[in-house]
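Thanks for coming. Please have a look at the sequence and the model on the screen, and then I will go through the parts in turn.

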Amino acid sequence: MRAKIIATGSYVPERVLTNFDLERMVDTSDEWIRERSGIRERRIANEKEAASDLAYEAAKSAFKKADFKTKDIDLIIVATVTGDMPFPATACHLQHKLGLKKAAAFDVNAACSGFLYGLSIADGFIRSGIYRRILLVGTEVLSRITDWEDRTTCVLFGDGAGAAIIEATSEDRGIISTHLRSDGSMWELLNMPGGGSRHPATKDSVKKKMHYVKMKGNETFKVAVRTLENLVVESLNANKLKASQLSLLIPHQANLRIIQATAERLEIPMEKIFVNIDKYGNTSAASIPIALDEAVRQGRIRDGDYVLLEAFGGGLTWASALIKW
Ligand code: ACO
């Protein structure tokens, strides 16, 4: 038994925040942001939208494409670092909104690698025969944990959600292998220190801006390039595949220069790499499922294609999934 993605969906908020808008907010320029990151604009949720609302829209758009009743979903997994609230899980809010009465629900926190961690969990549940149909959503409202006065981070992030419906299949295709890694010793490169049990929310924690993302961008960049190259090689070797046999590589959209550097080291032409960072920035756990949904809708993935998904993010965590579509 394999697990197969039978439908994808995505949703991004209506409001567009361009680099030119950011020029009016912090000491930055459209040119700097484009050259250093590849980002031109990003989407920002309205004040009524939380992570489960974006997830709901993305899930609905995936369900429209799947030909079975939504009530048949056994499990909902939501990957996010910006859930509606610390608990209950955003997956439970989504379960309620979708009215999926039979489904179990929980969240996965692996930052930008969250969707691929979730995909690996879904694959395991399906291969073991425990569940047959799983809804997996990556959703983020990063604008709520962004310090809009910190030019080193606020130009990078955006909001959005992407969903996949994963089903058991006896066909010789679907998720071939997943590869998950972590290194907590580098947690300080990327984190949000406040609001948890180490630094609970207090007037002082808010004053110190501990409820915002902190990132050592330059150091993270270097680790990301090295790690992603190794990860792709490991995923290909595990399946005795060459990079040239991949039809499409869908990387986490954190920085166009990270994507280009990885492509160059692996000798994969940029035409085989899906890029949409210019439109959405870094949407963390939502980035891969949004890109996957766009790639499917643009006809960039055909039956039988080998597609590799890879991500790197806070934790540190990194992960990949090889799919035969
Ligand atoms: N506008 C103008 N200048 C800026 C800005 C800005 N928005 N931000 C920083 N600068 C300045 C810096 O102050 C610095 O100036 P200095 O040389 O006078 O000190 C200069 O630009 C260079 O800064 P660097 O940080 O060295 O720039 P770099 O080329 O590394 O690009 C970036 C920064 C885009 C953040 C890059 O390092 C990056 O993308 N890092 C990796 C991000 C990533 O992959 N994160 C993991 C996933 S995210 C997640 O898990 C949520």
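First a term: a salt bridge is a side-chain nitrogen of Lys or Arg within 4 Å of a carboxyl oxygen of Asp or Glu. Before I go on, some ground rules. This is a predicted model, where local features need pLDDT of at least 70 and side-chain atom pairs count only at pLDDT 80 or more, while totals for chains, interfaces and linings use all residues. Residues are numbered from 1 along each chain as its sequence is written, and side-chain values use heavy atoms, with hydrogens and water left out.

Now the overall layout. The protein chain is split into domain 1, residues 2-172, and domain 2, residues 176-324; such bounds come from an automatic or database domain assignment. The centres of domain 1 and domain 2, taken over C-alpha atoms, are 14 Å apart.

How many residues of each domain are in contact with the other? In domain 1 there are 49, and they touch 45 residues of domain 2, where contact means heavy atoms within 4.5 Å. The size of an interface is often given as the accessible area lost when the parts come together. Here about 3700 Å² is buried between domain 1 and domain 2, with 62% of that from carbon and sulfur atoms. Buried area is the accessible area, with a 1.4 Å probe, that two parts lose on being put together, summed over both. On the domain 1 side, Cys112, Leu116 and Tyr117 lose the most area to domain 2, together 18% of what that side buries.

Between the two domains, the count of salt bridges is three. There are also 24 residue pairs in polar contact between domain 1 and domain 2, both residues at pLDDT 80 or more. A polar contact is a pair of N or O atoms within 3.5 Å; within protein, one must be able to donate a hydrogen and the other to accept it, and residues adjacent in sequence count only if both atoms are side-chain atoms. Which element gives the most to the side of domain 1 that touches domain 2? That is α5, with seven residues. Helices (H or I, at least four residues) and strands (E, at least two) are DSSP runs, numbered from the N terminus.

Next, the ligand. Of the 25 residues around the ligand, Thr28, Arg36, Cys112, Arg151 and Asn255 come nearest; a residue counts as near if one of its heavy atoms lies within 4 Å. Arg36 places a polar side-chain atom 2.7 Å from an oxygen atom of the ligand. With Arg151, a polar backbone atom is 2.8 Å from a nitrogen atom of the ligand. For Gly217, a backbone N or O atom lies 2.9 Å from a ligand nitrogen atom.

Back to salt bridges: the structure holds 20. In one of them, the side chains of Lys97 and Asp53 meet at 3.3 Å, N to O. Lys97 is in helix α4 (residues 90-98) and Asp53 in helix α3 (residues 51-65), 44 residues apart.

Last, some backbone details. Most residues other than glycine have a negative phi, and most peptide bonds are trans. Phe87 and Pro88 are joined by a cis peptide bond with omega about 0°, and Pro88 sits in the loop between β4 (75-79) and α4. From Gly315 to Leu316 the peptide bond is also cis, with omega near -10°. Ala111, not a glycine, has a positive phi of about 50°, and its place is in the loop between β5 (104-108) and α5.
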